[in-house]
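Hi everyone, thanks for coming. Please have a look at the sequence and the model on the screen, and I'll walk you through a few spots.

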Amino acid sequence: MKFRSILKNHKEFEQSIEDIIQYALDKIIVDLAGDKIIAKERNVLLEAFILKLCALWESFLEKEIVLSVSLDPKNLIETMELSKKRLDTKLIRAILFSDTFRGFQDVNRLVDFTKRVIVEKYNPFFKITKEQKNKLHFTYAIRNYLTHYSSFSKKKLFSEYKRVFGYKIF
């Protein structure tokens, strides 16, 4: 049953991402591509879509972590020094995410956190390859820049642009 929940989480996430990308391609990029008057509006809408994708990713991660912990909550029980041995997904979610905001601003924080609460056998984050981590670093740099527009996040994003695409200017 729990594996079906994980599969459902993946399918829902992938479908949501595909729907947003398709909408952006059809309605924003294609329909508005030649219209100079609304170029700024198009850029704002595309940024909004990217932020929506990032929010879906974070929601997906939260569900994935909860479902992965539920397969074997031993690490969570030990880490949080819990006396209760049987935990359902609602209780796991409450333990992990109700006391503080747990944002994963980069993939290393995500892996470090999940290492403490998910047993290795069921931890999908251990299996993230170096190439996937690089892609995630780039995605997080975009997300952090669009959510903050800080000079620090801009430098990080530019660093990623240089690394990935060889950009010389932002």
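Let me begin with a term: contact means heavy atoms within 4.5 Å. Helices, for their part, are DSSP runs (H or I, at least four residues), numbered from the N terminus. What we are looking at is a predicted model, where local features need pLDDT of at least 70 and side-chain atom pairs count only at pLDDT 80 or more, while totals for chains, interfaces and linings use all residues. Residues are numbered from 1 along each chain as its sequence is written, and side-chain values use heavy atoms, with hydrogens and water left out.

Let's start with helix 5, residues 107-117. Which of its residues are buried? They are Val 107, Leu 110, Val 111, Phe 113, Thr 114 and Val 117; buried means under 20% relative accessible area, exposed over 50%, and partly exposed in between, with a 1.4 Å probe and protein chains only. Looking down the axis of helix 5, these buried residues fall within an arc of 165°, so they line one face of the helix. That arc is taken from the directions from the helix axis to the C-beta atoms. And what covers them? The cover includes helix 2 (39-71), helix 3 (74-79), helix 4 (89-97) and helix 6 (130-148).

Now for charges. The structure holds five salt bridges, each being a side-chain nitrogen of Lys or Arg within 4 Å of a carboxyl oxygen of Asp or Glu. In one of them, Glu 58 meets Arg 143 at 2.8 Å, N to O. Glu 58 lies in helix 2 and Arg 143 in helix 6, so this pair ties together parts that are 85 residues apart in sequence. Is Arg 143 buried or exposed? Arg 143 is buried, at 10% relative accessible area, whereas Glu 58 is partly exposed at 24%.

Another salt bridge joins Glu 160 and Arg 163, with the closest N and O atoms 2.4 Å apart. These two sit three residues apart in helix 7 (residues 151-165), about one helical turn. Here Glu 160 is buried at 13%, and Arg 163 is partly exposed at 42%.

Finally, the rings. There are 13 aromatic pairs: rings of Phe, Tyr and Trp (its six-membered ring) pair if their centres lie within 6.5 Å, and planes under 30 degrees apart count as stacked, over 60 as edge-to-face and the rest as tilted. Tyr 161 and Phe 170 make a tilted pair, 5.8 Å centre to centre with 50° between the planes. Both belong to one aromatic cluster, whose members include Phe 138 and Tyr 145.
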